Structures are given as C-alpha cells and as structure tokens.
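Visitor: I have not looked at this structure before, and I would like to learn how its features are read. Could you take me through some of them, giving the general idea and then the case at hand?

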Amino acid sequence: SMTSSSNDSQQLGQLLQEPGSHQQQQSDYSDITEQFKSAACHLQLGELLQHQSFSLYDAMTAIEMMEPKMDSGMRLDREILHPQRSAGGPLMKLSDLTDAELLGVMDESLACLASWLDGESALQSVFINLYLQCIDKIECQPLRTFCHGLLCLLQRAKDLITLANTTDEEDFNPLLYGFEAAAAEAADDERITSALKEADDDIGRRVKAGQLAAGHRLVQHRLRLLRSLLLLLRQFHRMLQAMGSGGSADLPDSALSVTSTAVVDAAELVSPAAAEAAAEVRRQLESASSACAAVAASLEVGQPAAGRDDPRLKAYGVQGFEPLANLRQLPPSFPRCVRVFERPAAVAYLARCLDCFRQFLTDVTPAACPSYQQLYTRLALVCGLSSDAPCFARSCLRLLYCCPAQQQQLHSYGINLGLGSARLFGRHSPVEFLLASVKQFCPIAAGADLNASVRQLQGQSRQLADSLCLQLGRALLHQVCPLFSRNRSRKREKLAACLDALWPLYESCYCLDRALFPNDECRSLFLPYLTFYLFRLSRLYLLSGFSLQLYARHELPSVYFMLGDGYMYFLLVGIVQADLAIQQQLQLTHNPYTKLSRQHHRYHQQVQTLYQHHLSMLRASNYLATATFYALAALHSDGKMQQLASPHPAGESSAFKHRYQPLLQRPFLPRSITCYTNLQTMWDSRTTFNGQLDDSELDEGQQRKPASTPADVYAEATREFEKARDALMKVVNAASSSAGSNSKSAPSLATVCIEDWDGEAMIKVAKTNMVVTKLLAAGHRAGPQHPAELDFSVCPHYPVIKLLAPTAASSAAVAAAAPSSNGK
Amino acid sequence: AGCADGADAVAVSIDSLSLSEGHQQAQAECSPERMTALKFLTDCLGRLLRCTMIDGRVLVGTFACTDRDSNIILAGCLEYQSLADCLADPRDCRSLGLAMIPGNKLVKMELESFGQQQNDVSDGLRSDGSPETPAS
C-alpha cells in the first residue's frame with residue numbers, strides 16, 4: 001500500500017541507517033549508467049520521475065552536491081590537512097618550527113580562542129588547530145605546552161560560562177564536539193601552569209645563552225598570557241569559595257520582609273582568605289594584561305593566515321591549521337565558513353575581557369556594609385556591563401554576585417541575581433534597599449522615616465507591605481537587572497516577562513499607599529514608583545521592535561500611538577501627578593524665612609532633579625512620538641505614503657492586541673474604551689474628510705474631533721514637533737550643565753541604564769520634521785504626486801520625513817485619479 | 001489510455017500550470033520506447049543506487065527522483081570518499097540525508113540487485129507488489 005506520510009522520505013532511507021548492511025551487497029551492484037541516462041532522456045523537459053512519497057518540499061531541501069555553498073565534503077584541488085595523516089608533514093611540522101611559524105600558530109590560536117568566546121562553534125574555531133588533536137606527537141616543547149594550556153583554558157572557560165548561565169543561544173556555543181576527552185585530560189591545570197612556567201623560563205635561559213634567536217622572546221609572552229589566564233581563573237574560583245555562600249539567600253522570605261529584624265551574615269565576605277584570594281586575582285589580572293599588551297605589540301612577526309578568506313581554494317597559511325578538517329562532524333548542510341577574528345581584533349577582545357574583569361573587581365569589591373551609593377553603582381555596573389560586554393566577563397560578574405556557589409542551586413536560580421545575595425548587598429537586607437530607593441524617588445511623600453511608617457502598619461496592611469516589598473524587590477532585581485543581554489530578541493521577551501511580573505503589583509501598590517497615608521488622598525508613593533518602572537519598560541519594549549525590524553510599514557502609526565499620547569500618556573500622567581502633588585507640598589511647607597526650611601527645600605530640590613531629569617527625557621520622547629503619529633496621519637491622508645494603510649483592516653484589531661499584548665494588561669482602566677478604539681479614533685479623525693465614525697463607540701462626553709484637512713494635521717504635527725524639540729533641548733542642556741554637579745546626587749535604582757536615548761539625534765529629527773511639516777502645512781508640495789519617505793538613518797526610532805522628487809508613476813497616478821487635483 | 005497504466009509511475013511536471021498539458025504531451029508521446037524507459041526508471045525508484053561523482057566520491061542512497069538531465073535525488077544518502085573506502089569500511093561514511101547530484105557530475109550509477117528489500121519499505125516501492133527482475 002502506498003503511504004503518503006511526510007516521513008516516507010526518511011523511511012525510504014532508513015534501511016541505510018545501518019551502514020553495515022551494505023556489506024552483503026558488494027557484489028550485487030550492476031552498472032546501469034548508460035541505460036539510465038538514455039532512459040532519462042525520454043522524460044520531457046521539466047518532467048520529474050519521483051517516488052510516490054517524495055514531495056516538492058523534499059526536493060527543495062536536498063543538498064546539492066558539487067556546489068561549493070552546499071557541499072562541504074567537496075574534494076578540492078588542494079590537500080586538506082588531516083590531524084593524523086598530515087602530522088609531521090611540511091604543512092604541519094612537529095619540530096624545527098621557525099619563529100614566524102611558531103608565533104603564527106600561537107597567535108592564530110589566540111584569535112580562534114577569542115572567536116570561540118565570542119560565540120563561534122569550537123569545531124570551526126579553536127579546533128581548526130590540528131595540533132590540538134595530536135599533542136603528544138609534538139616535539140617542539142613550547143608548542144606542546146601551549147597546546148596543553150589552550151585545551152585546559154578551553155575547559156575552564158567553558159565550565160565558568162556554562163555555570164554562570166548568562167548566555168542565550170547565539171552568545172556562546174559550549175559544545176566541544178567530542179574533544180571533551182582531550183580537554184578533560186589536559187585539565188590538570190597545576191601541572192600545566194608549571195609546565196608553562198618551565199617552558200617560559202627555558203626559553204629565557206636559552207636566549208640568554210645564545211642558543212635561540214632573540215625573536216623567541218616573543219614566544220614567552222604568549223606562554224605567559226596563557227599561564228596568567230589559567231591562574232586568574234583558578235584564583236577567581238578560590239576567591240568565590242572563600243567568600244562563602246550568599247548569606248541571606250538562605251533565609252526564608254519572612255525573614256527578608258521589611259518588618260523583620262533578621263540580620264544578614266556577611267562575615268565571610270571580608271574574611272582574610274577572601275581578601276588574599278582577591279589580591280591574587282588582581283595580581284594575575286595585571287600579569288595577564290601586560291602579557292596581552294606585549295602580544296598585541298608583536299603580532300606582525302607571526303606567519304599570517306593567507307588563506308583565511310577562501311579556505312576552499314587556498315591553504316590556510318599557518319602550520320597545522322585546517323578550517324575544513326572537522327566538517328564531517330558537523331551536520332552536512334550549509335557549510336558555514338566561520339570568520340575567525342583578525343589577530344589584532346582578537347587580542348583586543350581578550351584585553352577587553354580583562355578590562356571588564358578589572359572594572360568589577362576594583363570598583364565594586366565585595367564589602368561587608370556598602371553604602372547605598374556603592375550599591376547603586378554596582379547595579380549600574382551590572383546593567384551596563386551586561387549589554388555589551390563579552391560573555392566571559394558577564395559570566396564572571398554573575399558568578400561574583402550570584403548566590404551560593406553550589407552548582408545545583410545556581411542553576412535553579414536561573415537568571416536570578418539572587419535576592420539575598422550578600423555579595424551584592426553586604427549586610428543590608430535587599431528589601432531595606434528597596435525602601436530606600438522608593439524614598440529617594442518621592443522623598444516628600446515618603447516623609448521622614450519610611451521604614452518606621454511601614455513598621456507601624458498593623459494586621460492586613462502589614463502583610464500587604466511585606467509581600468509587596470518582597471515581590472517588588474524580587475521583580476526588579478531578578479528581572480530588570482539581568483535584562484540587558486546581547487541577544488535582542490531574548491531581551492524583548494524578557495521585557496515582556498518583566499511587564500507581566502510588574503503589572504499585577506499595581507493594585508497592591510495602590511492599596512499600600514492608601515494604608516500608609518489614610519488621611520491624604522493625593523499622597524502616593526509606591527504607585528508612582530511602580531508606574532515609573534512600567535513606563536520605562538514599556539518604552540523599551542516598544543523601541544526594541546525597531547532594532548529587531550519587527551514593525552511593518554503599516555504598523556508604524558500604531559507604534560507611535562503607543563509611544564506617545566495613546567498609551568504612554570496615561571502612565572506619564574500617573575507619575576507627573578505625584579510629582580505635582582509633591583511640588584505643591586513643597587511650596588506649601590516652604591517657609592523662606594527659616595534657614596532649616598531653606599536647606600530642607602534645597603536638598604529636596606536636588607534629589608528631585610535627578611528624577612525630574614529622567615521624567616523630562618521620557619516626556620520629550622513622548623512628544624516626539626505623538627508628533628510623528630500626527631505627521632504619519634497627515635502624510636497618509638495627503639496621499640504621500642500609501643503604505644500606511646493596513647492591508648487587512650478586518651484583522652487589525654486582533655493584530656493590535658497581539659502586538660502590544662504585554663502592555664495592554666493594565667488594570668484600573670478608566671474607561672471601557674480599548675486602546676485600539678482610541679487609536680482608531682485618533683487616526684480616523686485625522687485621515688478622513690468624512691469621518692465615518694460609529695458614535696456608539698464613543699464614551700459619554702467625548703467629542704468626536706471634527707474631520708481635518710491634511711493641512712490642519714500638518715500644523716498639529718508642527719506644533720508637536722516644536723514642543724518635542726524644546727523639551728529635548730532642555731533635557732540635553734540640563735544634562736550637560738549638570739554633568740559636573742552630579743556628584744552629589746547618587747545614581748539610583750530606578751535610573752540606572754536608560755537605554756535607547758540619543759538626545760542629539762532626536763533633536764535633529766524633531767527640527768527637520770518641524771520644518772518639513774510646516775512647509776507641508778502651508779500647502780507647499782501638497783498632494784500625492786510628491787511622495788514622501790521615512791528615513792531612519794539619523795535616529796533608529798524616529799524617522800525623518802523626506803520629500804521625494806515627483807516620480808513619473810506618482811504623477812501619472814495622480815493624473816489618472818483626479819484630473820482636477822491641486823496643481824504643484 | 002494505455003500510457004496511464006504505467007504511470008502510478010507519477011510522471012509529474014514541475015510546472016503545475018501545464019500539468020494537464022504535460023499529461024497530454026505524455027499521452028501524445030506514448031511510444032513504446034518511452035514506455036520501456038519509464039518502466040525501467042520506475043523500477044529503480046526506491047532501490048539502492050550507488051553513484052560515483054566526478055571527484056571520486058561515492059554516494060549510496062535510495063533513489064527518489066530524477067529528471068531529464070539525470071539529476072538524481074537520493075534519500076538517506078551516505079557519502080564515501082572513494083569506492084575503495086566504500087568497499088573497505090562501509091562505516092566510514094558521512095550521512096547526508098537528502099542529496100541531489102547534478103547529472104553532469106555523475107560518472108557512474110550502479111543499482112543494487114534484489115537483496116535488501118525489507119517488507120516495511122517495499123510496501124510502496126512496487127506498484128503491484130511483486131519483485132522485479134533487476135534491470136541489466
């Protein structure tokens with residue numbers, strides 16, 4: 001019976017999965033070449049003869065043989081080196097390597113190491129050095145110890161990075177493709193580091209004695225580099241162990257609550273063993289850095305990799321390197337040619353790893369009782385380092401601040417920083433830290449002693465306070481901080497998860513505020529704080545779509561709607577109201593006649609400045625987004641940009657819900673109108689002359705905006721662009737002028753790492769668009785015969801509107817559509 | 001009508017628009033030579049084919065598809081570096097899955113004679129279920 005399942009093609013081949021089955025058939029093959037070819041000629045052009053269960057889809061997925069892009073096993077004109085067969089030959093010498101050759105091998109290995117750390121697969125980076133597969137045969141001692149050291153380093157680094165668990169898919173490839181055995185064998189790093197030292201000293205002696213050329217000194221640098229890296233990792237592990245477990249991580253949640261008085265044990269952090277290990281780490285760091293610099297200065301001596309660009313045609317050029325050697329172990333399709341780092345870039349990469357390491361070791365040494373300022377700095381470092389740093393550095397950072405060093409517990413924490421990590425917080429309870437941060441956000445609302453007021457809560461309110469603080473702290477530390485990783489699509493997912501975690505706390509915050517200030521309706525503390533976070537995260541979520549190129553042209557209006565008045569506005573209002581209330585209180589309590597009051601006033605103003613600064617940034621981008629929305633509406637109704645219309649208007653509502661799902665969960669929706677209806681209303685009222693709106697969808701009291709001409713909407717856009725420009729300039733000027741005086745105001749939890757903000761670019765966009773929309777409002781170049789285009793090169797999030805020269809097509813279209821249209 | 005018998009053999013034209021056209025053409029060219037040729041090729045479908053390419057590599061796989069230029073698609077294909085390797089150690093191979101060999105890169109094709117026809121696979125290999133004599 002003929003089966004038609006899609007598995008049949010595999011089934012067809014299944015009888016061949018046991019290669020041994022061929023054995024019986026050796027004599028059973030008959031040559032049918034001529035017969036086949038002549039039979040095939042009888043087929044028509046384009047006609048296929050195929051098995052019943054073979055489909056067109058299968059045909060498309062087949063690898064084409066003898067096609068260089070697809071066939072990785074293709075025999076080439078040149079000899080492909082083989083680790084066993086070529087060893088000892090002229091292209092893979094085992095002894096008597098010249099300086100240039102030896103240095104070439106070592107430098108190229110370092111380049112491959114850097115490429116591997118950067119995310120390439122080991123098989124196509126580190127292991128193209130075939131010496132690693134036959135170390136015991138190498139007679140040249142420096143080379144042998146170098147290879148041993150390299151394997152050992154590979155294993156250590158891989159262990160460290162996988163333990164830290166900070167990487168997403170393409171950041172790092174931990175597979176060692178069966179070379180684990182060799183790596184594990186080489187993993188006795190005591191032996192290897194002493195062997196490296198020995199080789200190093202040996203060369204030094206022989207050069208002095210005149211037995212070796214002076215150029216051999218350069219080899220010493222490479223050996224030294226490997227050795228310091230290995231020792232660095234070893235000392236780092238020792239340090240982590242000496243610092244002990246996380247301390248308060250083992251405490252239950254109730255002990256971590258805001259109203260408990262449990263004390264966190266941080267004694268181990270500053271024990272002498274830890275300090276000694278830390279000092280060792282620093283020493284090795286310096287040694288590695290200087291070796292790195294020495295290597296960087298002498299890269300031109302080594303034999304260059306001439307065949308790097310096209311390994312199929314040319315031999316690689318470095319002794320013992322063969323990029324095509326391991327391809328049989330990879331899946332057969334699409335042989336990816338890995339571009340190994342250029343040597344200077346590779347050494348720079350390693351130097352960068354070391355620099356990052358140094359930064360978080362010296363700036364933020366674990367201390368028993370760090371000040372809040374230090375804590376904020378640490379968090380800023382964690383966030384800032386995460387987005388751009390090499391994954392090796394990120395991993396070390398994570399291990400440093402993460403909780404217990406036991407493997408299982410680390411893995412179960414997943415991406416968590418460890419809420420109770422004593423290494424991060426010292427003796428402070430993280431919840432205390434959260435309260436301090438909240439207080440700093442709204443100091444007047446918080447009053448003199450927030451901790452005391454919280455502790456005074458009774459019964460249900462107290463429980464609410466405890467659980468809320470814990471949840472909020474956990475959400476913020478666990479999710480906001482590790483957010484920033486290199487993988488942008490994962491980051492977008494994490495942002496969505498953050499929003500999901502934070503939105504449910506909205507109601508609790510409101511209740512807690514009312515419990516804390518039962519007599520003061522306007523006074524709110526936790527709610528604006530939470531809203532501030534939601535605002536930032538929502539904005540980041542929306543903006544991340546740009547870099548991932550997620551938004552189709554017709555979705556742009558909705559994006560700017562959400563970024564601007566449509567959605568962000570509501571959040572902004574929440575924060576701004578709290579701010580206003582505070583300002584009012586400030587005015588009320590300010591008595592200019594008393595010195596104390598003046599000092600008080602000034603202090604509060606200073607502290608407020610930081611938050612206000614950030615609020616202004618966000619408000620300015622709000623204006624810009626709204627302005628862009630209006631501009632797009634005008635461009636659409638003017639016929640300049642046809643692609644803004646949705647191709648499937650019927651499904652638009654659900655597409656909208658899907659696209660913005662994490663943002664649409666807000667509770668306390670003041671009206672029954674959905675966000676989408678708002679969007680429709682705002683868009684339609686500006687794009688249709690005869691606004692066919694369904695009045696039943698409007699809320700009571702909401703007026704339908706009168707239909708506007710494009711000129712009106714352009715004018716509206718111009719005004720908004722102007723507002724945006726002014727706000728942006730104010731922000732940028734304030735930033736530059738207060739850069740010096742920032743030393744007084746500490747960075748704070750809520751303001752670490754505002755990403756995706758490029759004030760200068762946004763000002764440029766606002767200015768240009770303001771001029772353009774002004775011209776268009778005046779009727780200049782109206783009509784669809786002057787099409788417009790959006791240019792994202794200045795600022796990736798906000799486009800510049802460019803008017804194009806009238807094309808023949810657009811003119812013809814206009815002429816065909818409306819013979820009596822407005823003239824040019 | 002007589003031509004239609006042999007074509008369980010699925011002679012399908014790539015261009016779906018001209019499917020009926022191709023069919024008509026096939027019907028128009030119902031010559032006995034074409035019928036024999038098609039039958040021969042159809043008999044080969046689903047059987048092991050050992051192909052030698054111009055660079056010396058040998059690919060062994062189940063014959064799944066071909067066309068006028070003798071471009072062959074093999075399923076469950078195994079790649080050997082040379083015929084000698086293939087005969088010496090059948091395990092020293094790389095599994096390619098589905099592979100297409102352009103006709104102009106083929107030097108030799110060898111068909112396995114009846115031997116490894118396992119029941120679960122042979123269902124569907126023959127149109128009438130009976131073993132065929134190997135084409136010589």
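This is a predicted model: local features need pLDDT of at least 70, side-chain atom pairs count only at pLDDT 80 or more; totals for chains, interfaces and linings use all residues.

Visitor: Where is Ser793(A) found, and is Ser793(A) buried or exposed?

Guide: Ser793(A) sits in the loop between β4 (788–791) and β5 (800–803) of chain A. Its relative accessible area is 57%, and because exposed means over 50%, Ser793(A) counts as exposed. Distance along the sequence and distance in space are read separately: Ser793(A) and Ala761(A) are 32 residues apart in sequence, while their C-alpha atoms are 9.7 Å apart in space.

Visitor: How should I read a salt bridge, and how many salt bridges does a search of the whole structure find?

Guide: The general idea is that side chains of opposite charge can pair when their charged atoms come close. Over all chains, the search finds 24 salt bridges. In one of them, the side chains of Arg222(A) and Asp107(A) meet with an N to O distance of 2.7 Å. This pair links distant parts of the chain, since Arg222(A) belongs to helix α8 (residues 217–242) of chain A and Asp107(A) to helix α4 (residues 99–117) of chain A, 115 residues apart. Both Arg222(A) and Asp107(A) are buried.

Visitor: Which other salt bridges could I look at for practice?

Guide: In chain A, the side chains of Asp726(A) and Arg725(A) meet in a salt bridge of 3.1 Å, N to O, and Asp726(A) counts as partly exposed at 40% relative accessibility. In chain B, Glu110(B) forms a salt bridge with Lys108(B), where the closest N and O atoms are 3.9 Å apart; a salt bridge is counted within 4 Å, so this pair qualifies. The two partners can also be read by their cover: Glu110(B) is buried, with a relative accessible area of 7%, whereas Lys108(B) is partly exposed, with 27%. Salt bridges may also be read as a network, and one such network links Asp55(B), Arg57(B), Glu79(B) and Arg94(B).

Visitor: You mentioned α4(A); how does its length compare with what its 19 residues should span?

Guide: A helix can be checked by setting its expected span against the distance between its ends. At 1.5 Å a residue, the 19 residues of α4(A) should span 27 Å, and the C-alpha atoms at its ends are 27 Å apart, so the two values agree. As for cover, α4(A) is mostly covered, with 17 of its 19 residues buried. Just after this helix, Gly119(A) takes a positive phi of about 130 degrees.

Visitor: Which residues other than glycine have a positive phi?

Guide: Two examples can be set side by side. Asp96(A) has a phi near 55 degrees and lies in the loop between β3 (63–64) and α4 of chain A, where it is exposed, with a relative accessible area of 66%. Ser70(B) has a positive phi of about 60 degrees and lies in the loop between β3 (58–67) and β4 (72–80) of chain B; at 4% relative accessibility, Ser70(B) counts as buried.

Visitor: Now for strands: with which strands does β6(B) pair?

Guide: Strand β1 (residues 29–31) of chain A pairs with β6(B) in the antiparallel sense over three bridges, and here Ser30(A) stands opposite Leu111(B). Strand β2 (residues 48–53) of chain B also pairs with β6(B) in the antiparallel sense, over five bridges, with Met109(B) as the bridge partner of Cys51(B). Five of the seven residues of β6(B), residues 106–112, are buried, so this strand is largely enclosed by the rest of the structure.

Visitor: How can I then read chain B as a whole?

Guide: Start with its elements: chain B has five helices and six strands, following the pattern α-β-α-α-β-β-β-α-β-β-α along the sequence. Of its 136 residues, 51% count as buried. Among contacts in chain B between residues at least 6 apart in sequence, 47% join residues at least 24 apart. Finally, chain B exposes about 6100 Å², of which carbon and sulfur atoms supply 52%.

Definitions and conventions:
Residues are numbered from 1 along each chain as its sequence is written. Chains are lettered from A and ligands numbered from 1 in the order in which they are written. Side-chain values use heavy atoms; hydrogens and water are left out. Helices (H or I, at least four residues) and strands (E, at least two) are DSSP runs, numbered from the N terminus. Buried means under 20% relative accessible area, exposed over 50%, partly exposed in between (1.4 Å probe, protein chains only). The expected span of a helix is 1.5 Å times one less than its number of residues. Two strands pair if DSSP finds at least two bridges between them. Contact means heavy atoms within 4.5 Å. Accessible areas come from the Shrake-Rupley method with a 1.4 Å probe; for residues, only the protein chains shown count as cover.
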